Amino acid sequence: MSRVVVSVIGQDRTGIVAGISKVLAENNVNILDISQTIMDNLFAMIMLVDISNAKVDFTTLKKELEKAGDELGVKVIVQHEDIFKYMHRI
């Protein structure tokens with residue numbers, strides 16, 4: 001399994017989850033876990049996804065998710081799980 005962390009942050013608006021999930025579904029990416037919250041109109045979401053059966057490579061998926069984020073007015077950060085873990089170690 002090849003796992004990737006997708007983080008999304010920005011002003012809350014309708015369609016953020018749907019827009020990001022649509023890109024994942026179109027590329028055959030499975031959402032393993034998802035957490036989201038809204039704090040004072042600030043939307044924050046983190047997803048753990050499996051890209052082992054994806055129709056596109058990591059770089060292409062990252063670009064597509066970032067483009068969707070731009071269209072939705074949010075910042076999308078896409079990182080391999082291992083990089084995410086090492087960056088956040090104490």
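**The helix pair and the strands beside it**

Reply: In this predicted model, helix α1 and helix α2 cross in the right-handed sense. Helix α1 covers residues 16–26 and helix α2 covers residues 58–72. Because angles over 145 degrees count as roughly antiparallel, α1 and α2 are described as roughly antiparallel to each other. On the side of α1, the contact is made by I16, G19, I20, V23 and L24. On the side of α2, the residues that take part are L61, E64, L65, A68, G69 and L72. Sorted by class, this contact has 8 nonpolar, 2 polar and 1 charged residues.

The strands can now be set beside this pair. Strand β3, residues 42–50, pairs with strand β1, residues 3–11, in the antiparallel sense over 9 bridges. One of the bridges joins R3 to its partner D50 in β3. Strand β3 also pairs with strand β2, residues 30–39, again in the antiparallel sense and over 9 bridges. Strands β2 and β3 form a hairpin that has 2 residues between them. In that turn, D40 has a positive phi of about 50°.

With a relative accessible area of 30%, L42 is partly exposed. Leaving aside residues up to four places away in sequence, L42 touches I9, G10, Q11 and T37. L42 can also be compared in position with D70: the two are 28 residues apart along the chain, and their C-alpha atoms are separated by 16 Å.

The other residue is S7, which lies in strand β1. Is S7 buried or exposed? Its relative accessibility is 18%, so S7 counts as buried, since buried means under 20% relative accessible area. With residues up to four places away in sequence again left out, S7 touches M45, I46, K75, V76 and I77.

In general, the side chains of a regular strand alternate between the two faces of the sheet.

Methods:
Residues numbered from 1 in each chain as written. Predicted model: local features only at pLDDT ≥ 70, side-chain atom pairs only at ≥ 80, totals over all residues. Heavy atoms only, no water. Pairing = 2+ DSSP bridges. Helix = DSSP H or I, 4+ residues; strand = E, 2+ residues; numbered from the N terminus. Axes fitted to C-alpha atoms, helices over the stretch in contact; angles between N-to-C directions. Parallel < 35°, antiparallel > 145°, perpendicular 65-115°, else oblique. Left-handed = near helix turned anticlockwise from the far one by under 90°. Contact = heavy atoms within 4.5 Å. Nonpolar A, V, L, I, M, F, W, Y, C, P; charged D, E, K, R; others polar. Buried < 20%, exposed > 50% of the residue type's maximum accessible area, 1.4 Å probe, protein only.
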